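Welcome! Please take a moment to look over the sequence and the model before reading on.

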Amino acid sequence: MKIRIHEDTVRIRLGRRELGELVTSQFLLSTTRFPTGRLRFGLSLDADLSGPVVDCAEGLVGIGLPREAFSTWARGQEESYAFSTPLEDSSLDVLIEKDFPCDSRTDCPAGEDLFTPTSLQLWD
């Protein structure tokens with residue numbers, strides 16, 4: 001899971017294996033360790049959610065996603081799943097993207113996820 005944070009935006013890129021793990025197990029966790037602690041990002045799928053929810057507590061950023069809607073997106077051709085959640089004075093924008101550049105390249109082994117700056121078009 002690749003995570004980019006800039007002010008009130010979060011961008012998460014999921015490789016093919018990570019997306020498959022999330023859909024299968026309903027949970028995905030990424031941990032970055034620091035000398036004095038750790039920062040964890042967790043994605044979970046929940047059948048009872050009508051929309052996405054985001055929480056941050058004790059070094060864990062948790063994003064809950066409605067299982068049916070997210071699973072439909074995961075199986076489809078759309079590259080990104082985006083939503084906003086209100087903050088006190090603005091909103092937090094979250095973008096989850098499929099990181100599958102090899103879908104459009106013939107020199108990548110099937111099922112492999114590689115980052116290639118030359119692969120600009122991911123979907124036909």
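Predicted model: local features only at pLDDT ≥ 70, side-chain atom pairs only at ≥ 80, totals over all residues.

Residues are numbered from 1 along each chain as its sequence is written, and side-chain values use heavy atoms, with hydrogens and water left out.

Helices (H or I, at least four residues) and strands (E, at least two) are DSSP runs, numbered from the N terminus. Two strands pair if DSSP finds at least two bridges between them. The table shows two such pairs.

| β1 (residues 2-6) and β2 (9-14) | Five bridges | antiparallel |

Across the pair, Ile5 stands opposite Val10 in β2. Of the five residues of β1, the number buried (under 20% relative accessible area; exposed is over 50%, partly exposed in between, with a 1.4 Å probe and protein chains only) is zero, so β1 lies largely in the open.

β3 and β4 also form a hairpin with two residues between them. Here Leu28 has Leu43 in β4 as its bridge partner.

**A look at Glu97**

Glu97 belongs to strand β8 (residues 91-98). Is Glu97 buried or exposed? Its relative accessible area is 9%, so Glu97 is buried.

The side chain of Glu97 makes polar contacts (a pair of N or O atoms within 3.5 Å; within protein, one must be able to donate a hydrogen and the other to accept it, and residues adjacent in sequence count only if both atoms are side-chain atoms). One joins the side chain of Arg11 at 2.5 Å, and another joins that of Arg13 at 2.9 Å. Leaving aside neighbours within four places in sequence, Glu97 is also in contact (heavy atoms within 4.5 Å) with residues including Trp73, Glu79 and Ser80.

**The largest pocket**

A pocket is an open set of points on a 1 Å grid over the protein atoms alone, where a 1.4 Å probe fits, with protein on both sides within 12 Å along at least five of seven lines; lining residues have an atom within 4 Å of a point. The largest pocket is lined by 13 residues, with Val10, Val54, Cys56, Val61 and Leu92 nearest its centre. β5 gives the most to this lining, with three residues.
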